[in-house]
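Dear colleague,

Please find the structure we spoke about below, with its sequence. My notes on what turned up in it follow, and I would be glad if you read them with the model open beside you.

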Amino acid sequence: MPQMVIPDYAPQIVWLVITFVCLYVLMARLALPQVAELLEDRRRRLTTDLEQAASLRDEAAKALVAYEAAMAEARLEAEAAIGVARERIQADTAARIADLAARLDRQAGEHGAAVAAAKTEAMDHLRAAAATAARASVAKLIGVEVADDAADAAVEAEFKGLG
Amino acid sequence: MAAEHGPLEQFAIKRIVEMDVGGLDLSFTNSAAMMVLAVVLITLFLTLGTRRRAMVPGRWQSLAELSYELIARTVRDNIGAEGRRFFPFVFSLFMFIVFCNVLGLIPYSFTVTSHIIVTFAFAIVVFVGVTVLGFMRHGLKFLSLFLPPGVPIFLAPLLVPIELVSYLSRPISLSVRLAANMMAGHTMLKVFAGFVVALGVFGIAPLVAIVLLYALETLIAFLQAYVFAVLTCLYINDSIHLHH
C-alpha cells in the first residue's frame with residue numbers, strides 16, 4: 001500500500017509545506033484582496049445605486065406634494081377670485097338696480113307732478129268755464145247779473161259738494 | 001509486477017527529481033508536481049477570473065466569487081466576526097484540498113489527498129493551531145472545554161476523559177475521513193475499470209457504473225474539502241468561544 005511507505009513521507013510533507021505556504025501567501029496577499037475589492041466595489045455600487053434610486057423617489061414624492069400644494073393653493077386663489085368677482089358683480093348689479101329705481105322714481109315723480117299740474121290747470125279752466133256758464137245761465141233765466149266772485153264761490157261750493 | 005498494475009498502483013509515489021539534503025529526502029515527486037500544479041491553477045483561477053472586474057460577472061468570475069463567498073460565509077457563520085483573521089487560511093485549505101481532489105479525478109494523474117500523511121499534516125496543523133490558539137486566548141481556562149458547563153461535578157471523572165479522547169481524536173478523524181474517501185473512491189474506479197477490460201463486450205455495464213461513480217466522486221471531492229473546511233472552522237470557534 002503506497003500510503004504506508006514511510007520513506008515517501010518526508011518529500012510529501014516537505015513539498016506540502018512549501019506549496020501550501022506559497023498558496024497561503026498568494027491567497028492572502030494577491031488573490032483574496034482582489035476578489036474582496038471586486039465584491040466590495042459591486043456592493044458599494046449597488047448601495048449607491050439604491051440610494052440614488054431612493055433619493056430620486058423621495059424627490060419625486062416631494063415634487064408630487066409640492067404639485068398638490070400648488071394645486072390646492074391655485075384652487076383656493078381661484079375660489080377667492082371668483083368670490084371677489086361675484087361680490088363685485090353683485091354690488092355692481094345692486095348699485096345699478098338702485099340707480100335705475102331712483103331714476104324711475106324721479107321720472108315717476110316728475111310725471112306725477114306734470115299730471116297734477118295739468119289736472120289743476122284743467123280744473124281751473126273747468127271752474128272758470130263753469131262760473132261763466134253759471135252767470136250766463138242766471139242772466140238768461142232771471143235777468144240778474146251775478147257778480148264774478150259770487151259765481152266763483154257758488155261753483156266752488158258745488159265742486160266741493162261733488163267731491 | 002502484478003501489484004504494480006493493481007488498483008493501488010495509482011497511489012504510488014514516483015520520484016521525478018531525486019534530491020537529498022543532509023539526509024532529508026526532498027525529492028520532487030509526482031505528488032509534489034500535483035501540489036505545485038494545484039497552487040498555480042488556484043492562483044490563476046482567482047486572479048485571472050477576477051481580472052476583468054466585470055460588474056455583472058461571467059461564468060469564470062462567478063465561480064471565483066462563489067468560492068470566495070462560500071468560504072467567507074462558512075467562516076462568518078461558524079466563527080463570527082473574529083473569524084476574518086482565519087479566512088485566508090481556511091480558504092487556502094479549502095481550495096488546496098478541492099483542487100487536489102478534483103485534479104486527482106483526471107485519469108493518469110495523482111491524488112495528493114489520497115495519502116494519509118498529507119491529510120494528517122493538514123489535520124495536525126489545524127489541531128496544534130487551535131490548541132495553541134485556545135491556550136493563548138483563555139490560558140488554563142481553555143481546559144474547561146473538556147467539561148461542558150452545567151454538568152454535575154461527580155460526572156467529571158467520566159466526562160473529562162471522554163471529551164479529552166474526542167478532542168485528541170480530532171486530527172485522526174479529520175485526516176482519515178478525507179484520505180479514506182479519496183482512496184476508496186479512486187480504488188473503486190480502478191477496480192471497475194479493470195472489470196471493463198476483463199468483461200469484453202459486457203464491459204459496458206461496469207463502464208456505466210464508472211460514469212455514475214465518477215459523478216459521485218466529483219461530488220465527494222467538493223464535499224470532503226468543504227467538510228474539512230467546516231470542521232476547521234468549528235475547531236477554531238471552539239478555541240475562541242469555548243462553549244456554545
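Two residues are taken to be in contact here if their C-beta atoms, placed from the backbone, lie within 7 Å. On that basis, 35 residues of chain B are in contact with 31 residues of chain A, and please keep in mind throughout that this is a predicted model. The side of chain B that touches chain A draws at least two residues from each of strand S3 (24-25), H1, H2, H3 and H4 of chain B, and H1(B) gives the most to it, with nine residues. Sorted by class, that side of chain B has 24 nonpolar, eight polar and three charged residues.

As for chain B itself, its secondary structure comes to seven helices and four strands, and from the N terminus on the elements run β-β-β-β-α-α-α-α-α-α-α. The C-alpha atoms of chain B fill a box of roughly 70 × 50 × 45 Å along the principal axes, and 33% of the 244 residues of chain B count as buried. Among the contacts in chain B with a separation of 6 or more, 62% are made by residues 24 or more positions apart.

The largest nonpolar core has 58 residues, and those with the most contacts inside it are Ile71(B), Val90(B), Leu93(B), Phe94(B), Phe96(B) and Ile97(B). Leaving aside residues up to four places away in sequence, Ile71(B) touches Phe87(B), Val90(B), Phe91(B), Phe94(B) and Ala229(B).

The axes of H2(B) and H7(B) come within 9 Å and cross at roughly 30 degrees, and the crossing is right-handed. On the H2(B) side the residues that meet H7(B) include Ile71(B), Thr74(B) and Val75(B), and on the H7(B) side they include Ala229(B), Val230(B) and Cys233(B). By class, this contact of H2(B) with H7(B) has nine nonpolar, three polar and no charged residues.

Helix H7 (residues 204-241) of chain B has 38 residues and reaches 54 Å from its first C-alpha to its last, close to the 56 Å expected at 1.5 Å a residue. Just after H7(B), Leu242(B) takes a positive phi of about 55 degrees.

With best wishes

Note on methods: Residues are numbered from 1 along each chain as its sequence is written. Chains are lettered from A and ligands numbered from 1 in the order in which they are written. This is a predicted model: local features need pLDDT of at least 70, side-chain atom pairs count only at pLDDT 80 or more; totals for chains, interfaces and linings use all residues. The expected span of a helix is 1.5 Å times one less than its number of residues. A nonpolar core is a set of buried Ala, Val, Leu, Ile, Met, Phe, Trp, Tyr and Cys residues joined through C-beta atoms within 7 Å. A residue is buried if 20 or more other C-beta atoms lie within 10 Å of its own, exposed if 12 or fewer, and partly exposed in between; C-beta atoms are placed from the backbone. Ala, Val, Leu, Ile, Met, Phe, Trp, Tyr, Cys and Pro count as nonpolar, Asp, Glu, Lys and Arg as charged, and the others, Gly among them, as polar. Axes are lines fitted to C-alpha atoms, for helices over the stretch in contact, and angles run from 0 to 180 degrees between N-to-C directions. A crossing is left-handed if the near helix is turned anticlockwise from the far one by less than a right angle, and right-handed if clockwise.
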